[in-house]
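Subject: Structure handover

Dear colleague,

Here is the structure you asked for. Please look through the sequence and the model first; my notes follow.

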Amino acid sequence: MLGLAPDAASAKAAAGVARPSKWSGTGADGEAVWGECKGSGKSVYRACVDLTEPAFRCTCPSRKFPCKHGLGLLLLWSDGTVGGGARPEWAAEWVGRRRAQAEKARERKAAAAPKARDPKTAERRRRRVDEGIAELDQWLCDQVAQGLAQAEHAPYRVWDDVARRLVDAQAGALAGQVKGLAGIPRRPGWPDRLLEEYALLRLLVRAYQRGEELPEGLRETVRARVGFTLSQDEVTERGERVRDRWCVTGAHDSEQERLTTRRVWLRGRRTGRPALVLSFAAPGRPLDASLMVGTEIDAEMVFYPGAQPLRALVGERHGPAEPAVPDGTTVRGFLDEHAAALARDPWLDRWPVTLAAVRLARSEDGALHVMDEAGDALALRPTDPWRLLAVSGGHPVTFAGEWTPRGLRPLAAWHEDEGMVVL
């Protein structure tokens with residue numbers, strides 16, 4: 001829940017007001033939670049949270065959003081200390097107004113006729129992408145022919161120049177992968193890592209050039225990784241729909257090219273299937289906060305077409321979010337799942353991890369790992385371990401993270417007694 005806080009100070013303040021003694025008139029009905037919090041002096045602030053978003057309303061003068069009262073109320077609800085009841089008039093009016101606005105938005109969207117794509121424009125783009133792909137293919141061959149000795153000391157513009165040309169060729173996703181080569185850490189074994197990335201790019205180039213020979217799912221994956229995107233309407237029309245109880249296991253925000261991206265990972269309770277929901281925002285603009293880590297939603301996910309469908313849109317929901325702990329697997333179970341996913345999509349650069357009953361351990365070189373009951377371990381990426389150490393206290397926890405070629409990024413952990421912490 002504290003992952004929704006606008007800053008660390010707000011999260012700390014919310015924990016301070018998340019005490020039943022500070023609240024009165026609290027209640028929840030499955031779609032909303034409300035209550036009145038005693039402030040300084042005689043002040044009493046009315047707070048309400050729409051659980052379907054979530055969205056917050058509070059009468060306090062704070063300019064931060066959500067404020068500490070809304071977050072504190074959400075923490076009380078997640079701890080099970082808020083009982084049921086009928087909405088007071090002030091809460092019912094706000095929730096009803098939000099429902100009416102959402103219905104009008106759906107009507108406007110349904111009334112808007114989708115624009116048909118111009119075949120001539122699509123053909124011109126295809127030719128530009130083909131030319132950009134051919135140029136990248138030649139550049140990759142030149143890099144390998146010349147050797148990698150000079151690349152270790154080359155400036156970033158070596159890759160940036162190629163990436164810019166791919167942007168001009170309207171192959172934006174491929175340009176991002178090329179630009180990312182400059183960020184490979186210059187550590188022992190760096191040439192091997194760079195050569196692996198060159199090989200994956202060449203594999204993608206050859207797959208695109210032979211796209212007509214590929215199975216449909218793999219062809220969709222290749223096109224997406226080059227930069228041919230689908231609109232949400234197209235995904236809704238063509239994507240696979242999977243209804244399940246989806247547990248939100250982790251989220252991570254990153255900034256690139258003056259755009260903030262939020263990755264939210266979910267896992268189906270019945271299917272065990274992972275899903276990735278992406279949202280984007282310009283600097284200073286709020287990101288989608290409708291999926292809270294540590295909650296579970298009964299919903300239909302609509303997956304983007306591909307050989308290994310992972311990215312998805314949240315379709316119809318069948319109830320509000322509820323606090324939940326995800327089901328975890330063993331390290332061996334995760335590695336088997338990841339290997340199968342790589343066999344279907346060799347360009348996967350991250351995959352969600354949810355492990356049950358793991359402890360923190362250090363290797364002989366001092367690196368931090370998570371270890372399961374069988375003694376199998378995964379190395380954590382260099383990060384601040386103190387929050388994870390504090391919540392585990394040497395005891396087993398359910399752990400959620402994001403696996404990348406650089407190691408395992410911690411996202412959240414659940415302890416039987418301490419509850420959940422977002423890392």
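Two strands count as paired if DSSP finds at least two bridges between them. Strands (E, at least two residues) and helices (H or I, at least four) are DSSP runs, numbered from the N terminus.

This is a predicted model, in which local features need pLDDT of at least 70 and side-chain atom pairs count only at pLDDT 80 or more, while totals for chains, interfaces and linings use all residues. Residues are numbered from 1 along each chain as its sequence is written, and side-chain values use heavy atoms, with hydrogens and water left out.

The six-stranded sheet

An open sheet of 6 strands runs in the order β13-β12-β11-β14-β15-β16, with antiparallel pairing. Its edge strands, each pairing on one side only, are β13 (377-379) and β16 (419-422). From one strand to the next the twist averages 45°; axes are lines fitted to C-alpha atoms, for helices over the stretch in contact, and angles run from 0 to 180 degrees between N-to-C directions. Within the sheet, β11 (residues 351-362) and β14 (residues 397-404) are joined by 6 bridges in the antiparallel sense. There, P352 stands opposite E402 in β14. Helix α10 (residues 331-344) packs on this sheet and touches β11, β13 and β14, where contact means heavy atoms within 4.5 Å. The direction of α10 makes about 150° with that of β11.

The four-stranded sheet

Another open sheet has 4 strands in the order β1-β2-β3-β4, also with antiparallel pairing. Here β1 (23-28) and β4 (55-58) are the edge strands, each pairing on one side only. Neighbouring strands are turned by 10° against each other on average, direction ignored. Strand β3 (residues 44-50) pairs with β4 over 4 bridges, and C48 stands opposite R57 in β4. Helix α2 (residues 68-78) packs on the sheet, touching β1, β2 (32-38), β3 and β4, at about 60° to the direction of β3.

UniProt, in an unreviewed entry, places the feature "domain: SWIM-type" at residues 45-78. UniProt positions are given in the numbering used here, feature names are shortened, and annotations may be inferred rather than shown by experiment. That span is 32% helix and 29% strand, and its end C-alpha atoms lie 20 Å apart.

Cysteines

How many disulfides does a search of the whole structure find? The search finds 0 disulfides, a disulfide being a pair of cysteine sulfur atoms within 2.5 Å. For C60, the nearest cysteine sulfur is that of C58, 3.6 Å away. For C67, the nearest is likewise that of C58, at 3.6 Å. C60 is buried, with a relative accessible area of 11%, and C67 is buried at 8%; buried means under 20% relative accessible area, exposed over 50%, and partly exposed in between (1.4 Å probe, protein chains only).

Regards
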